[in-house]
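Have the viewer open as you read.

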Amino acid sequence: MVKDQEYLKSKASYCLDLAKKLGATGSSVTVGHSISETVNFRNNTLDESNRSDGLAISIETYLGKKRSSISSSNLLDDNIKTLIEKCFETTKNTPEDEFNSLPDKELLAKEIKNLNLYDETHFDNEKKIDYLKELESVASSEEKIVNTESSFTENKSNFILANSDGFCNGYKSSSFSASCVTVAKDENSMERDYEFTSKRHLSDIKGAKELGEKASEQTIRKLSPNKIGSEKISIIFDKRIAKGMLGAFAGAISSNAIARGTSFLKDKINEQIFSETINVIDKPDMNKGVGSQIFDSEGVKSDTLNLIQNGILKNYLVDTYNGKKLNLKSNGRCGGTTNLYFDNGKISFEDLLKINSKHIYVTETIGHGSNLVTGDYSVGATGFLIENGEFKFPVNEITIAGNFKDMFKNITLASDLDFEYSVNSPTMMIEGMTVAGK
Amino acid sequence: MSNFFDKSDLSRKDADKIVSDTLLNCDDGELYLEDTKSESILLDDNKIKSSSYSSDLGFGFRAITGEVVAYSHSNEISKDSLKKSSENLKSTLKSMKGTYNHDISRSNKKFYEDINPLEQKTLNSKLEVLNKVNEYLRKKDNSVKQVTTSFAGEQKSIEIIRSGGEVLTDVRPLIRFNVSVMLEKNGRKETGVYGIGGRQSYDEYLKNDNWKTVCEEAFRIASVNLESKPAPAGEMKVVLGPGWPAILIHEAIGHGLEGDFNRKKTSAFHDLMGQKVASEGVTIVDDGTIDNRRGSLTIDDEGTPTEKTVLIENGILKNFMQDRLNARLMNTKSTGSGRRENYRHVVLPRMRNTMMLSGNQTQEEMIKSVDKGIFAVSFGGGQVDITSGKFVFNCTEAYEINNGKIGSPIKGATLIGDGPSILKEVSMVGNDMMLDPGIGTCGKAGQGVPVGVAQPSILIDKMTVGGTKL
């Protein structure tokens, strides 16, 4: 069982009291406990079971504008005492920073809305095994599939965040996730692909059969790929890759990158950075949302933000420290975005494929080719060649490159958004990028 | 050395008994105890942005029978908690029976000292160095707009208790010093990053004002990039500089030669043992035994002493990297490559210091031989798809080559290639092998471990460069 609020609260207040006794002018502490159980299958047999039980504590102490932090997994009172003493000693010796501060009291979350983030159902290992057996038997039923690996993880966690201004809140959350990776082989090639599901509640995850079928189908269609020539061509990003564009966008509008001046979106507030049809929303209070939160990692209440409205940048993601630096109020985004998504476009998936007579449809990218300082983007890709709206053949060993500043302005979105992950996008087309191949 | 039992109701005797009892009918397994103290101090935007310390203590208990691994970990070292883990392992393996392999090789060699780098230098003297770095770079040139510099250090003590009471221990220091600088000129911004580190004290790396060298290198890379032009797109010849660009070997070849992917036959190399996989003259080793290197280990995380494993000798595939589990199932022996990020993770076969050895050509000859291509001097991260063999890495410093001469610097571009065939495209191997500066972290299955790489300059006849200029 995951530790209850009372236990976590008692640890948290022990820390705050101790810090105060030592002379700290402010302090904040997070105590969390998490239990997860994973079962892995490979080629229709049990491969691994893994149980993880972890407590964690992190403490920040302030002396005026001086600050330092410690973290530990050892919650014995003795150890905590030694660590807080060490932490405060370091605080005293750290130079002042005028922007160091606990969050403004009036911004702290007051009420804890129930967003249904916790499902107490326990899906024991025997049941996980049954799920994976069915999944793998479906996934491996096609002759071309030569290897399957699948996994089921159940996680329950609880935490308390408390600070010396009287904030003391936390809540339980859970997640259930299953994944399946399949390898297919033919006379020309060996390819791998996957399918994945993760939800707060057990009853919402995809069925074993659906997951296995999808993984197998997605892998087999990649067999015998071709390399293509280098050219400028419009690219369609599968949903699972399209959401990555939002990740890069979120990184570039984090108040940290803006305050440091290391973002290509610095000073772009109220400017057109996407085409007029594009809206980007970050919504923390989605019922059962995978990325939902009631407050951020400093305790600041998080509200829905329209980050991009009709293509115009409306908000940065602001935490307390960088907010003070930029003269902005925290909008509860310390720790980043919550449930981030592109609003649906106006055109169906099928019609998107027909906009141009030829596209590359990208299903996977590899490499870390996003430079948020300059906006340059270059990654390895695999996918399919599409002609006249139809999938022609698989393509691999190509790269795609462009600059986010141009790419963002050339996005067309389909109307097939759904909320599978914490970051979601409809299928996306971007024109004017360069493909490098032969 | 940590004493894992002095503040616990669990005695060493209890632990021995629970371990032996749990592993009675298993093929292998151990109790792994770990105590890590780590710190990080970061200067950014003219200020000490963070100063943090972390202490992490816990155990991971593993039981293996046949191909099935049962694992349970916790950060509570107590009788109760270990018993709970034991029951969990037993229930997973209840219907199986194995024979415990007590064999484990021993060695007295050590590749680093039992030091605690965190305590060998005071906080104030660390802050002083970071402030000096910031001032030095900001005074150096008007174009310097942002400086980030940091120290990270840790001491990890581990103890492995095997069935029958055999105990193996190791104390591992690790430090890293990093400088990142952003320049702005004529409306363009570029960053340069450089770092050094390894398994020694901070002062070993900072003697003789060595921090200045790190600053200069970061500044030089950023300056080069300010002048960079769009990179070409398409297939061409690529000359790789010595040292850190060996990340190519790590991604393209290294991962595909890890035992687990080959036992499971998901690696493109699984049926190529003894065959020619690289041009003649290409020899690649994975070596855990170089003194004080970031990727070196006295013993691996299963207790096996590390070694220098020859992976490819003169073009022929000779060995895979093995941990105990995959070695047993593939009928060979562990190469001391069993590693884990920490007690929360299972052991996997991993790289240590992966190196291509020197040949006898010069970098000059390579450049001269190229009509149209690129010269890549430094890289950011890389990644590989083990199954299809395709790998990428991102240039952070590269130049055009035109008619045998180095031309303008080019913007960061991704290079993509095919692992099993890339080494056959190596047509020249340089005489200038160099180790990387001690900055690599390799990710696999969500676990990051410190690694090293090394290589001489090499010429690759054909690779796809992912630029924007057609």
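## A bridge across the chains

Ser72(A) has its bridge partner on the other chain: in β2(B), that partner is Ser55(B). Keep in mind that this is a predicted model. The bridge belongs to a pairing between β3(A) and strand β2 of chain B, residues 47–65. These two strands run in the parallel sense, and four bridges link them.

## The wider interface

Step back from that pair and the contact between the chains takes in 59 residues of chain A and 65 residues of chain B. Which elements of chain A supply at least two residues each to the side touching chain B? On the strand side there are β2 (45–63), β3 (66–72), β7 (190–199), β8 (231–237), β14 (376–387), β15 (390–403) and β18 (428–436), and α2 (77–93) joins them. β2(A) gives the largest share, with ten residues.

## Chain A as a whole

Nine helices and 18 strands make up the secondary structure count of chain A. How does the radius of gyration of chain A sit against that of a compact globule? For 438 residues such a globule would come out near 22 Å, and chain A has 24 Å, which agrees.

The chain is divided into two domains, with domain 1 covering 5–220 and domain 2 covering 225–438. Their C-alpha centres are 25 Å apart. Where the domains touch, 22 residues of domain 1 of chain A are in contact with 19 residues of domain 2 of chain A. On the domain 1 side of that contact, you'll find eleven nonpolar, eight polar and three charged residues.

Now for a helix pair in chain A. Helix α3 (residues 125–139) and helix α4 (residues 208–220) bring their axes within 8 Å, crossing at roughly 35°. The crossing of α3(A) past α4(A) is right-handed.

From α3(A), the contact uses Tyr131(A), Glu134(A), Leu135(A), Glu136(A), Val138(A) and Ala139(A). From α4(A) come Ala208(A), Lys209(A), Leu211(A), Gly212(A), Glu213(A), Ala215(A) and Ser216(A). Sorted by class, the residues of this contact are seven nonpolar, two polar and four charged.

## A five-stranded sheet

Chain A also holds an open sheet of five strands, in the order β11-β10-β9-β12-β17, with mixed pairing. Which strands sit at its edges? They are β11 (312–313) and β17 (423–424) of chain A, each pairing on one side only.

Further in, strand β9 (residues 280–282) and strand β12 (residues 340–342) of chain A run antiparallel, joined by three bridges. Val280(A) is one residue to look up here: its bridge partner in β12(A) is Phe342(A).

## And chain B

Chain B comes to ten helices and 22 strands. Its radius of gyration is 24 Å, close to the 23 Å the globule rule gives for 470 residues, so chain B is as compact as a globular protein of that length. Along the principal axes, the C-alpha trace of chain B spans about 70 × 55 × 35 Å.

Terms used. Residues are numbered from 1 along each chain as its sequence is written. Chains are lettered from A and ligands numbered from 1 in the order in which they are written. This is a predicted model: local features need pLDDT of at least 70, side-chain atom pairs count only at pLDDT 80 or more; totals for chains, interfaces and linings use all residues. Axes are lines fitted to C-alpha atoms, for helices over the stretch in contact, and angles run from 0 to 180 degrees between N-to-C directions. A crossing is left-handed if the near helix is turned anticlockwise from the far one by less than a right angle, and right-handed if clockwise. Two residues are in contact if their C-beta atoms, placed from the backbone, lie within 7 Å. Ala, Val, Leu, Ile, Met, Phe, Trp, Tyr, Cys and Pro count as nonpolar, Asp, Glu, Lys and Arg as charged, and the others, Gly among them, as polar. Two strands pair if DSSP finds at least two bridges between them. Domain bounds come from an automatic or database domain assignment. The radius of gyration is taken over C-alpha atoms; the globule rule is 2.2 Å times the number of residues to the power 0.38.
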